[in-house]
Amino acid sequence: MAQLFDFGLVGLGVMGRNFLLNVADHHFSAIGLDTDAQKVADLKDEGHSDDIEGTLDKVEFIKKLARPRKIMLLVPAGGPVDHVITDLLPLLDSGDLIIDGGNSHFEDTNRRFTSLKSKDIHFMGSGVSGGSEGARMGPSIMPGGDSKAYEIIKPIFEAVAAKVNNEPCVDFMGKGSAGNYVKMIHNGIEYADMQLIGESYHIMKLGLQQDNHSLKQTYDDWNQGVLQSFLVEITSQIFNKKDDLTSGDLLDQILDKAKQKGTGKWTSQNAMDLGVAIPTIDAAVSMRQISGMKDIRMKASEKYTEGSGEFTPEVSVEEVRDALYFAFIMSYAQGMDQLSRASKEYQYDLNLESIAKIWRGGCIIRARFLEDIRLAYKNDSSLESLLLSPVISEKVNSVVGATRKVIQYTVAKGIPTLALSNALNYFDAFKSAYLPLNLIQAQRDLFGSHTYERKDKPGIFHSDWN
Ligand code: 6PG
């Protein structure tokens with residue numbers, strides 16, 4: 001009898017091909033399906049083993065898979081996912097498993113999960129992070145759906161995932177769309193961290209007059225300490241790259257307009273729906289939008305040319321580092337808050353310690369600091385906010401002073417720090433026993449009789465303000 005493959009992958013782009021090769025490296029045979037002959041040929045070029053095959057024929061693909069079939073989709077989110085599912089469905093048997101490994105919106109995953117369950121096909125939405133290199137060398141994997149279906153794919157996922165202290169960066173996230181939801185929050189944090197690093201770059205480039213060579217050194221140094229993370233590491237690497245077309249550095253030739261595929265925006269939209277405050281992530285999404293207004297920004301820069309005024313405090317590179325660390329903490333705290341709220345709202349039953357654990361390796365937001373987050377939730381799984389954990393508050397207290405200095409500096413210099421200053425303001429609001437929103441309640445009651453509560457007795461009150 002012809003060989004039956006352990007694992008099937010649909011979508012042989014770079015991510016898909018690399019994931020499949022990674023599966024085969026771990027002694028599971030794998031077959032790939034794509035509609036593009038070139039991509040199938042590329043897979044055959046790279047995978048010289050009997051355990052790897054590529055095909056353009058969906059019937060052959062399905063026939064050659066061992067049952068229950070384990071089929072992962074790495075195709076663009078949205079229509080293509082539905083298209084592939086509709087295409088394969090008539091060929092599948094009861095008990096087969098489809099895993100969507102793309103950045104699908106969690107509500108799409110809920111819809112697909114329910115529809116496939118009624119046809120007795122298991123469906124999982126699984127976040128996969130780490131880009132094409134992660135897919136090849138070991139990504140962080142965030143599967144959700146039903147826990148029994150996870151058992152079918154668990155040995156393969158545990159084998160291919162990144163490892164930290166020999167522990168695989170994969171775990172069952174929770175019911176329904178939990179996997180895609182956790183990946184969405186991962187990306188929201190990713191947006192914030194990238195924006196914060198960008199602002200630190202701006203401060204040191206414009207304010208501290210560091211050239212690309214010293215910036216490389218600075219981020220390199222930072223990556224040896226508390227800021228050690230994938231994003232800081234690649235930032236240092238970027239300053240080293242020469243431009244092929246000019247004699248300068250590539251970074252200086254890249255237009256300052258950032259694009260997005262939407263996962264950061266989804267995080268902000270959903271936070272509004274849930275009533276969770278994630279202003280640092282929101283600021284990062286807004287900054288991508290402001291970056292896109294290049295023409296208007298250029299006109300405005302000619303109109304508003306005020307200097308930095310008389311008050312120009314000084315800051316050091318170390319203080320900028322501390323401010324970045326402070327703001328990273330705020331960004332993760334906001335993301336974890338959203339996860340905790342969503343877990344209740346959508347009955348995901350998320351385990352925040354386990355999420356911090358699988359984010360320590362393989363994914364884009366992997367960072368040394370995630371071990372502290374893991375510890376915080378290990379010590380207290382019902383933590384109301386990461387910022388209330390003694391593990392974390394001690395660190396916040398050690399860097400908040402430097403952060404205030406850096407923000408004074410950027411305000412005086414006119415260097416925009418939408419995310420960084422916002423992280424500090426979020427913290428100041430979070431730790432304020434009193435906020436002036438009693439005034440908002442009074443205004444609401446005055447103009448619309450919307451009522452208010454009192455400090456001194458229970459109940460709902462309304463006053464005649466005239
Ligand atoms: C990952 C990334 C990835 C994401 C890119 C680009 O975890 O590997 O999050 O899934 O698609 O980072 O996202 P934007 O185009 O929205 O910046």
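The model is predicted, so to speak of local features a pLDDT of at least 70 is needed, side-chain atom pairs count only at pLDDT 80 or more, and totals for chains, interfaces and linings use all residues. Residues are numbered from 1 along each chain as its sequence is written, and side-chain values use heavy atoms, with hydrogens and water left out.

The protein divides into domain 1 (7-176), domain 2 (183-430) and domain 3 (437-466), with bounds from an automatic or database domain assignment. The centres of domain 1 and domain 2, taken over C-alpha atoms, sit 32 Å apart. Across that pairing, 25 residues of domain 1 touch 22 residues of domain 2 (contact means heavy atoms within 4.5 Å). About 1800 Å² is buried between the two, 62% of it on carbon and sulfur atoms; buried area here is the accessible area (1.4 Å probe) that two parts lose on being put together, summed over both. On the domain 1 side, Asn103, Phe106 and Met173 lose the most area to domain 2, together 30% of what that side buries.

The second largest pocket lies between domain 1 and domain 2, because both give residues to its lining. A pocket is an open set of points on a 1 Å grid over the protein atoms alone, where a 1.4 Å probe fits, with protein on both sides within 12 Å along at least five of seven lines; lining residues have an atom within 4 Å of a point. The second largest pocket holds about 250 Å³ of space, a volume being the space filled by probe spheres set on the points, which are joined across faces, edges and corners. Of its 16 lining residues, Glu133, Gly134, Phe230, Gly362 and Arg366 lie nearest the centre. Two or more lining residues come from each of α6 (131-137), β8 (163-164) and α10 (230-238); helices (H or I, at least four residues) and strands (E, at least two) are DSSP runs, numbered from the N terminus.

As for the backbone, the peptide bond from Arg67 to Pro68 is cis, with omega near -5°, and Pro68 is in the loop between α3 (58-63) and β4 (70-73). Gln347, not a glycine, has a positive phi of about 50° and belongs to the loop between α14 (317-345) and α15 (352-358). Ser449, which follows α19, also has a positive phi, near 50°.
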